[in-house]
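Reader: I would like a close look at one part of this model. Please pick out a single residue and walk me through its surroundings.

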Amino acid sequence: MEFIRRHIETRVLSLTGLAIGGVDYENPPGDPGLFGPDSVCWRVHGDFTSMMVGGISALLLQALHPLALSGVWDHSNFREDLLGRLRRTGQFISATTFGSHADADRLIERVQRIHAGVSGTAPDGRPYAASDPDLLTWVHVAEVSSFLKSHLRYLNPTLSAAEQDRYYAEVALIAERLGAQDVPRSRAQIEAYLQSVRPQLQSDARALEILQILRTAPAPSPALRPFGTLMLHAGVELMPEWAAAMLGLTLSERRRQLIRAGVRSTAPILRWAVRSGSVHRARRRMGLPSR
C-alpha cells in the first residue's frame, strides 16, 4: 500500500511547481511566510485537486481578455510547453502562499522583472503591458475567484462567508505587491468586478486555440491522461456559465453531475497519497503536523 501511495504522490507532484525546485518550504524553521498557517489561503491553496480544477478554469477565463491573452501569446512558449507554464504558475502561487518571507519576496520580484519586459500591441491595435495595473487585477481576480469556487465545490462547501471574504482580503496582498490597483477584497467586490469587466471580454480564434491546446496537451505519462481529461472537464464545468458560453461550451445538468462525481471520487485518493506537498512541507517548517 505504501508503494502505491508513493507512486501516486510522485505522479501528482510532477505536475506541480515542486518539480521545478528552487524553493525550500521547510526552512528557515518558524518562518510563517506572508500569511502563516492560520490564514484562509493556506487552507484554500493547500488542496491539489481543487487548485488544479480552479487553475484550469482560471486559465480559460483569463484567455477571454484580449489584452491579457496577447501578453501570454506573444511572450510565452505555452503552446510548446504547457506543463512547464502550469508548473511555473503553480510554483509562484505555492511560494507566495507557503514559502518563507525570503522566497515569497524573491518570486514576486522575479515576476515583476518578467512583467517589465512584456509589452506589445494586440491584434486590435491597442497597446498592452503585463505590468498594467488593470490587467494584473484581471488576472488575479480570475485566479482567486476560481480557486475559491473550486474549494467550495470540492473540499469545504461550509467555509463561512466571513472566511471567504477574509481569503480575498489576504490574497489581495500578492496582487498589490505585483502592481495591481483597486483589488477586490470581498465576495461582493469580486462579483461586482466580474460584472464590470464583462464588456471587455471576447472569444476569438486565439482564445479557442487555448482551449484546444488544453484538450490536446500530452500528459506527463499515459497513466495521468484520464486524470488530466477529468481535470479539464472539471475546469470547464467550474467556469461561470456566461464565460463558458463565450467559448461555445455548454454542459447538460447530467454531464455536470457526472464531472463533479468524478472529481469527488478521485480527490480523496490524492489527498490520502500526497503527504509532501508544499503545504505539508510548510507545516513542518512551522513545527506543525503535516496532516
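Author: Let us start with the whole chain, then close in. This is a predicted model. Begin with charge. The protein chain carries 34 positive and 28 negative charges, and their mean positions lie 7 Å apart.

Now the overall form. The protein chain has 14 helices and two strands. Its C-alpha atoms fill a box of roughly 55 × 45 × 40 Å along the principal axes.

Of the 291 residues in the protein chain, 51% are buried. The exposed surface comes to about 13,300 Å², and carbon and sulfur atoms supply 55% of it. Look at the contacts too. Take those with a separation of 6 or more: 77% of them join residues 24 or more positions apart.

One span has a record. UniProt, in an unreviewed entry, places the feature "domain: ER-bound oxygenase mpaB/mpaB'/Rubber oxygenase catalytic" at residues 42-271. This span is 71% helix and 3% strand.

Is Cys 41 buried or exposed? Buried means under 20% relative accessible area. Cys 41 has 0% relative accessibility, so it counts as buried.

What is Cys 41 in contact with, leaving aside its neighbours within four places in sequence? The residues are Phe 35, Gly 46, Thr 97, Phe 98, Tyr 167, Glu 170 and Val 171. Find each of them in the structure. Then turn to Glu 163. In sequence, Cys 41 and Glu 163 are 122 residues apart. In space, their C-alpha atoms are 9.7 Å apart.

For a contrast, take Ala 161. This residue is found in helix 8, which covers residues 161-178. Ala 161 has 34% relative accessibility, so it counts as partly exposed. Ala 161 also pairs a sequence gap with a distance in space. Ala 161 and Ser 186 are 25 residues apart in sequence, and 9.3 Å apart from C-alpha to C-alpha.

Cys 41 is buried at 0%, whereas Ala 161 is partly exposed at 34%.

Key:
Residues are numbered from 1 along each chain as its sequence is written. This is a predicted model: local features need pLDDT of at least 70, side-chain atom pairs count only at pLDDT 80 or more; totals for chains, interfaces and linings use all residues. Side-chain values use heavy atoms; hydrogens and water are left out. Helices (H or I, at least four residues) and strands (E, at least two) are DSSP runs, numbered from the N terminus. Buried means under 20% relative accessible area, exposed over 50%, partly exposed in between (1.4 Å probe, protein chains only). Contact means heavy atoms within 4.5 Å. Accessible areas come from the Shrake-Rupley method with a 1.4 Å probe; for residues, only the protein chains shown count as cover. Lys and Arg count as positive and Asp and Glu as negative; His and the chain ends are not counted. The place of a charge is taken as NZ of Lys, CZ of Arg, CG of Asp or CD of Glu. UniProt positions are given in the numbering used here, feature names are shortened, and annotations may be inferred rather than shown by experiment.
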